[in-house]
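Colleague: Hi! Could you walk me through this one before I set anything up?

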Amino acid sequence: MSLADPAPEQDTWWMNYLKGIQRRPGWSVARLARESNGQLSLNTIKRMTYGTKRRVDVSTVRLIATIVGDDPEDVVRQAVASLIVEPEPAPSQSVDPRLHGLDPNSTIVRHIMLLPVDEETRGFMLDRQREKQAERLRQEQAELAELDYFARKLGQDVAVEAYFEAREQARREQANGVD
């Protein structure tokens, strides 16, 4: 597996990483080549550093990270993450300001936006969706806090099981009218 070709006019995260290694005390292109025990030539490392070698194997990223004492998996993750480019929305795809905080791709939101209602009614519907979204967020946070409580109180091995037992007990009590 190799990392994709970056645009030729820009330094990549990988090139900057290699240049950063050379700024570390005692490190140079020559030392990297020596420490690779013949797996990388001096010329290959120079070409990667200055961008004339555009493709780099993940095994090479791991090898160099290991040689210099960095976490190889962390360096691979950073190298891959540097290749991900979030597209900027085209002007025609700009988000409707009436949605403020709502997902424009939500089925419900799209439906509201297409309904043949006046803007006041549409605004009311969108406000109601925001309220529901906020309530779902509060419920999720409460459940996470409850999980954290059980994890601390009972230990990790039984926390999830105890959590669901307690939730079921609470539902039974609520169904029986016990508060």
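Predicted model: local features only at pLDDT ≥ 70, side-chain atom pairs only at ≥ 80, totals over all residues.

Colleague: Noted. In what order do the elements of the chain run from the N terminus on?

Modeller: They run β-α-α-α-β-α-α-α-α-α. In total the chain has eight helices and two strands.

Colleague: And what share of the residues in the chain is buried?

Modeller: Of the 179 residues, 24% are buried. The chain exposes about 12700 Å², and carbon and sulfur atoms supply 52% of that area.

Colleague: What about contacts, how much comes from residues 24 or more positions apart?

Modeller: Such pairs account for 53% of the contacts in the chain with a separation of 6 or more.

Colleague: Let's zoom in. Which residues of helix H3 are buried?

Modeller: H3 spans residues 42-49, and Thr44, Ile45, Met48 and Thr49 are its buried residues. They share one side of H3, because they cover an arc of only 135° around the axis.

Colleague: What do those buried residues pack against?

Modeller: Four elements: helix H1 (13-23), helix H2 (29-35), strand E2 (56-57) and helix H4 (58-68).

Colleague: And what follows H3?

Modeller: Glycine 51 does, with a positive phi near 85°.

Colleague: Switching to aromatics. How many aromatic pairs does a search of the whole structure find?

Modeller: Two. One is tryptophan 13 with tyrosine 17, which is stacked, at 5.2 Å centre to centre and 10° between the planes.

Colleague: Why are tryptophan 13 and tyrosine 17 separated by about one helical turn?

Modeller: Because they are four residues apart in helix H1. As a rule, an α-helix has 3.6 residues a turn, so residues three or four places apart point the same way.

Colleague: Nice. Which charged end sits over the ring of tryptophan 27?

Modeller: That of arginine 31, which is 3.7 Å from the ring centre.

Colleague: Last topic, aspartate 74. Where is it found?

Modeller: In helix H5, residues 72-83. Aspartate 74 counts as partly exposed, at 32% relative accessibility.

Colleague: Which side chain does the side chain of aspartate 74 make a polar contact with?

Modeller: The side chain of glutamine 78, at 2.8 Å.

Colleague: And how many residues along the chain lie between aspartate 74 and arginine 62, counting as a separation?

Modeller: They are 12 residues apart along the chain, and their C-alpha atoms are separated by 9.2 Å.

Colleague: Great, thanks for the tour!

Note on methods
Residues numbered from 1 in each chain as written. Heavy atoms only, no water. Buried < 20%, exposed > 50% of the residue type's maximum accessible area, 1.4 Å probe, protein only. Arc of directions from axis to C-beta. Contact = heavy atoms within 4.5 Å. Phe/Tyr/Trp six-rings, centres within 6.5 Å; stacked < 30°, edge-to-face > 60°. Lys NZ or Arg CZ within 6 Å of the ring centre and 35° of its normal. Polar contact = N/O pair within 3.5 Å; in protein donor to acceptor, adjacent residues only side chain to side chain. Areas by Shrake-Rupley, 256 points an atom, 1.4 Å probe, with all protein chains shown as cover.
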